[in-house]
Amino acid sequence: MTSSGLDISQLSDSERSALDTYIAVTGQEPSEAIPLLRRSQWNVQIAISKFFDGEGPDPVEEARAALNTPPRPNRQTQNLMTDDLTANFTSAVRAADPAPRVETQPEGQPVYRPPFLLALLFTPINLLYRLLYSSFRLFGTLFPFLPRFFNTTASSALHGTQRNTNGRRPLGPKDTAARFIREFEEEYGANTLPFLENGYNMALEKAHRDLKFLLVVLLAPEHDDTNGWVRDTLLSREVIDFVNDPQNDVIVWGGNVQDSEAYQVANSLRCTKFPFAAAVVHTPNVSSTAMSVVSRISGTTSPSELTEKLRTAISQHKEPLERIGATRAEQQASRSLREQQDSAYERSLAIDRERARQRREAEAARQREEQEAAERQAAEEKRLHDFQQWKRWRAQAIPDEPSADVKDAVRVSIRLPSGERVIRKFAPEADLEELYAYVECYDILQESHEKPTDVEKPDGFEHQYGFRLVSPMPRVIYEVGAGGTIRDKVGRGGNLLVEPIDDESDEEEEES
């Protein structure tokens, strides 16, 4: 249960997915993220924008106030001198102003190019426009007092702070930043200022996420003081050492106001004089998501003055950032501890599941073995039963011993495996299988002096003799499958041995 009074488990799948995405981007706790997502109707993009830009006033209240206030004129004018004085007076009153985001060109957006015939048709107008623009810019350079008598549009056109990019190709934020760094190094040589090669909005997010101070540097290449301020102040050893000092936690983003993004940043930060620098930082005392401008540095300044203003702004706002950093570290430690506990719990569950699986498999194997053993025992019992039934059935078909009147009877002496010797006469035309059957059924014939009757042959039982009859001297094996009569195989008489069939002994005999 969170402090917002809502159990995370009660959220729907879409709300929980929005909460996870929002926390992954902003790093906020669920107790702070859920109310903001509620106010944003669970729209992640709106909530993230409110987190970094700060929440504006209620639209309903704005609409009510608009009904009672007269409409303002669309056209606004400004004066650089009065704006400069106003900025100086209000800077002492307002310590921090919000630093909103700007609308930039999306990455990869294709640049519109007119058809060739249309471009050829407007070529004279384009040349005339460039000629007039160059003339106005020349007059603005020769007579600096002229721009003060014009409105904002004219002033922007003469001073070079206009939105027109002077033929510069519009690029995405990241490519624009890379172009600014390349042009800066081409103009002023290699430097150690850590310019961020990314857009302004991403720089704001990085400063908010890492709890650092964002130094925004806006340059107007056509301004007379730009080159001197950059070489003498911005690239001075004192400023570079201050910016690169890790204790100050400063990151730098720069832009050329001839680019659309930097132009919008200049308007957002109320830039009234070039060169311009501003310090932007997260101000938790204003809002949990606010990024504010804590220092503005307009015009030419010395390195010591620039570093002193930055040092003052950092000292005033560093303590709240340290508290937030400590809170985030504690939250991260708690989150890591929970993750470790969850991981250990999951490992323990996995071990328990594996042990349970092994126990189930062992129990299933044991039951399977018992079932197979029971089946084998039942099969063996059935085989023995069918074997005994077959012997009784076969014994009833064995003919009686020939009488003394039969002169061609074959007299056979058989030594059984038990050592007992049996002597019996067989009819000369009797098949060899009858001799085998007599040996197989000898115990049945001995148990009852009368032959069994009315015994049926067991269904599905295939009998195989487990012995063979062998003549010892010379050794001759009389296989039952060879067929023939007893007279043809044994002669008028003979001595036979009953040898149990052993597969291993058979293999040895075959090898020998």
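Helix H12 (residues 237-244) packs against helix H14 (residues 303-395) at an angle of about 20°, and their axes lie 8 Å apart. Here, axes are lines fitted to C-alpha atoms, for helices over the stretch in contact, and angles run from 0 to 180 degrees between N-to-C directions. H12 and H14 are therefore roughly parallel to each other (angles under 35 degrees count as such). The contact (heavy atoms within 4.5 Å) brings together Glu238, Val239 and Phe242 of H12 with residues of H14 including Pro303, Leu310 and Ile314.

A word on the model: this is a predicted structure, in which local features need pLDDT of at least 70 and side-chain atom pairs count only at pLDDT 80 or more, while totals for chains, interfaces and linings use all residues. Residues are numbered from 1 along each chain as its sequence is written, and side-chain values use heavy atoms, with hydrogens and water left out.

Now to the sheet. Five strands form an open sheet in the order E1-E5-E4-E2-E3, with mixed pairing; two strands pair if DSSP finds at least two bridges between them. Helices (H or I, at least four residues) and strands (E, at least two) are DSSP runs, numbered from the N terminus.

| Edge strand | Residues |
|---|---|
| E1 | 97-98 |
| E3 | 250-256 |

Each of these edge strands pairs on one side only. Further in, E4 (residues 276-282) and E5 (residues 291-298) run antiparallel and are joined by seven bridges. Within E5, Ser295 is the bridge partner of Ala279. H14 returns here too: this helix packs on the sheet, touching E2 (213-219), E3, E4 and E5, and its direction makes about 170° with that of E5.

Technical notes: Parallel < 35°, antiparallel > 145°, perpendicular 65-115°, else oblique.
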